[in-house]
Amino acid sequence: MSPGALDTAAGAGAPPTGPPAEPPAGSAGRGVQGSLRTGLLLAAVAAPGAAGLSSPSLVLPAIARELHTGPGSAAWLMSGYGLGMVLGTPLLTGTAGRRGPRALLLASTGALLLGVLVTLAAGTALGPLVAGRALQAVGAAGFNVAAFQLAARRPDARASGIVAIGSAAGGTAGLFIGAAVAAGLGWRACLVLPVLTLAVLPAALRGCAGPAASPAAATGPEPEPGPARGPGAGVLAACRSFLGLDALAVPRFRAVAAVMLVLATVNFGLVYGAPRRAAALTGWSTVQTGAVGSLATLTGALLSWSLVRAAPRLGLRRTAGLLLGVSFAALALAAFGPWAPLVLLGAGASACVNAGGQGVLTGAAAEAVAPQRRAEAIGLFNLVFLLGAALGPQLAAFGGRLAGLGP
């Protein structure tokens, strides 16, 4: 990526040039409060879906026994959910997302409820359970994209930052919420945690009546690429538009998406690998390691709010450099630190820049394209984030095998 690409993508991070117009008295404070309220509501929309990804993790052995299968097969209850999110992001964004966040929320609700019904009716058949989880994940992916679409309407990055923090916190807390729910209500209940999003859905739907774009939309985004020519060009153009791939032709979008891919890959690699390395250094049990590791990553996710607040002063280019620098330092610390506290510090630092980066870079990715393409661009940006979430554990597992820590 070129430095210029990041410089010109600074709509969410750099202040405009020239003397700003004097805002009405008290309007800045009301704007900040509005962003905070919006962000908290939308974080509650996104968090249950993120919790659903990790909720079965600690109870997979018990689920495997109930299903009379091995832990490896039962792990598809997590893998299937991840695949559902990867597929659901472009699917819902390319269809219902074109009609705005409200339609996206409603379509996501339908997918989620269908998935819950399949999961609850599946009995002890692994295939239908995985299918039900995947359908829930399609709905969760739509909720996540809609939350960021609505957050991007705010004139600053605060709302997007809070959504990112809420998503990261949900993924961390899901580990223990799932175990607690399974202990009290049975293991099947921990498989349907994303249904908690429905508690805040009415308020989110009311929020869809707000302005369609942030004031930064007038800063003049880069023109969209012209139509492709040649045989099959119409089909190719339709596919690109359906998936939101037109945004990839914009250098500014590619730059911020590449940064996010690195941050997510490192972070989710450490989510998998750092607890294993800490356990190898200390001899902690799985529960002890999970508790301490989750506390470290949750602390990092909450501290990312400082990054979100500092981003407008730093500008996008310096913010991206800071995010990447901390991410690589966190990776080195977690991979080579000789003591468990240093390993967990690396995991927490990675969680901090991952959540902060998602909050800041989502706005920059949206503003890199024309206003009518922003819904698809946010969906594609979230797909890049999920790609990092899928790549990270696989790379960490490969590295762990090389280091003698893998299975």
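This is a predicted model: local features need pLDDT of at least 70, side-chain atom pairs count only at pLDDT 80 or more; totals for chains, interfaces and linings use all residues.

Student: How much of the protein is buried?

Tutor: Buried residues make up 49% of its 407 residues. The exposed surface comes to about 17500 Å², with carbon and sulfur atoms supplying 70% of that.

Student: And what share of the contacts is between residues 24 or more positions apart?

Tutor: Counting contacts with a separation of 6 or more, 83% come from residues 24 or more positions apart.

Student: OK, helices. Where does H5 bend?

Tutor: At Gly-88, by about 35°, and Pro-90 follows within four residues. Both Gly-88 and Pro-90 are among the buried residues of H5, which also include Leu-77, Tyr-81 and Met-85.

Student: What does the end-to-end span of H5 look like?

Tutor: The 19 residues of H5, 76-94, should span 27 Å at 1.5 Å a residue, and the end C-alpha atoms are 26 Å apart, so the two agree.

Student: Which residue marks the bend in H11?

Tutor: Val-271, again with a bend of about 35°, and Pro-275 follows within four residues.

Student: What comes just after H11?

Tutor: Gly-283, which takes a positive phi of about 80°.

Student: Which residue other than glycine has a positive phi?

Tutor: His-68 is one, with phi near 55°. His-68 sits in the loop between H3 (60-67) and H4 (71-74).

Student: Is His-68 buried or exposed?

Tutor: Exposed, because its relative accessible area is 74%, and the cut-off for exposed is over 50%.

Student: What does Thr-197 touch?

Tutor: Leaving aside neighbours within four places in sequence, Thr-197 contacts Val-45, Pro-48, Gly-49 and Phe-143.

Student: Last one. Which residues form the nonpolar patch on the surface?

Tutor: Leu-387, Leu-391 and Leu-395, with about 260 Å² of accessible area together. Leu-395 lies in H15, residues 374-403.

Student: Why would a spacing like that work in a helix?

Tutor: An α-helix has 3.6 residues a turn, so residues three or four places apart point the same way.

Key. Residues are numbered from 1 along each chain as its sequence is written. Side-chain values use heavy atoms; hydrogens and water are left out. Buried means under 20% relative accessible area, exposed over 50%, partly exposed in between (1.4 Å probe, protein chains only). Contact means heavy atoms within 4.5 Å. Accessible areas come from the Shrake-Rupley method with a 1.4 Å probe; for residues, only the protein chains shown count as cover. Helices (H or I, at least four residues) and strands (E, at least two) are DSSP runs, numbered from the N terminus. The expected span of a helix is 1.5 Å times one less than its number of residues. The bend at a residue is the angle between axes fitted to the seven residues ending there and the seven starting there. Patches are made of residues with over 30% relative accessible area and no salt bridge: like charges are joined within 9 Å, nonpolar side chains (Val, Leu, Ile, Met, Phe, Trp, Tyr) within 5 Å. A salt bridge is a side-chain nitrogen of Lys or Arg within 4 Å of a carboxyl oxygen of Asp or Glu.
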